[in-house]
Amino acid sequence: SLLSSCGSGSSTSSESADNQSNNQTNSSSISTRLDDYQMDLPIPDNKASNEYRVLMFGNSHLIGLPDVLEQLVEASLPNKSIELRISPSNDYLAERLQHETSIDLLMTEDWTHVVLQAQKYSQTDSRDYPTTAAQTWIRMAKSRSITPVLFPEHPQRGNGAEGQMVHDIHHEIATLEASCLAPVGLTWDSVINLAPELKLHHDDGNHAAPLGTLLTSLVIYQTITGESADLVPYIESLGVDQATQALLGQIASETVAAFPPCEY
């Protein structure tokens, strides 16, 4: 079985070891066990915040997202601000529970949202990986009144079943521990079906091309803000023509409407 969440099992990071000795400040008193946090707290609703502070946990699928999300908010919501930070390390969510910097970032700073990507899954759907770590991160976030947003990654090029499969894994997590679920893979599926000529994938067939990064960002934008991706004005600096940006915004909004991410 091929292990995925960025298409490979290699997610070691030298930063983990480097930061280990420097980040003992608060983590020793913070537990990372599921049963140490209250189960099924309601999802904190931070979409009306004037200042979005978004922490992102994940791997190389996060590259490029902060810049695009910032442009989407600035163009669409000029009275609001957004700060985004990707936590160092490319760890899967399970291994990240051992990463002191990530724990400290989540539990000691004031975030409105945390985006959780890099749940392990089998590309061949031949084995199940535990989701306890994802549930733990969700509970930890909710204990701090942070909105947890699950980010199931997009399908790899040519794999028509992967988007739905990865979405279903994350839907099960959100059923076990209430959280927002951004329908990224399902939105990609819709665009691939409706406009197959658009190049969403990087040449490696796994990561996102600039168009794919924009599409994912539109889904996460609407999940975080509650504002329709369809209403984002044309942003020339994104390097996407107006008709294509409009199409991506429309499909993102339709998919989010069909699969509402957050049940507050």
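At what angle do helix α2 and helix α8 pack, and how far apart are their axes? Helix α2 (residues 65-76) packs against helix α8 (residues 210-225) at about 55°, and their axes lie 9 Å apart. The model is predicted, with local features requiring pLDDT of at least 70 and side-chain atom pairs pLDDT 80 or more, while totals for chains, interfaces and linings use all residues. Residues are numbered from 1 along each chain as its sequence is written, and side-chain values use heavy atoms, without hydrogens and water.

**View 1. Crossing of α2 and α8.** The crossing of α2 over α8 is right-handed (the near helix is turned clockwise from the far one by less than a right angle).

**View 2. Residues between the two helices.** In α2, the residues in contact (heavy atoms within 4.5 Å) include Leu-65, Val-68 and Leu-69; among their counterparts in α8 are Thr-213, Leu-214 and Tyr-221. By class, this contact has 9 nonpolar, 4 polar and no charged residues.

**View 3. The open sheet.** Five strands with parallel pairing follow the order β3-β2-β4-β6-β7 (strands pair if DSSP finds at least two bridges between them). At the edges, β3 (81-86) and β7 (180-181) each pair on one side only. Strand β6 (residues 147-150) runs parallel to β7 and is joined to β7 by 2 bridges; Val-149 has Cys-180 in β7 as its bridge partner.

**View 4. Helix α2 on the sheet.** Helix α2 touches β2 (51-57) and β3, and the direction of α2 makes about 175° with that of β3.

How values were computed: Axes are lines fitted to C-alpha atoms, for helices over the stretch in contact, and angles run from 0 to 180 degrees between N-to-C directions. Helices (H or I, at least four residues) and strands (E, at least two) are DSSP runs, numbered from the N terminus. Ala, Val, Leu, Ile, Met, Phe, Trp, Tyr, Cys and Pro count as nonpolar, Asp, Glu, Lys and Arg as charged, and the others, Gly among them, as polar.
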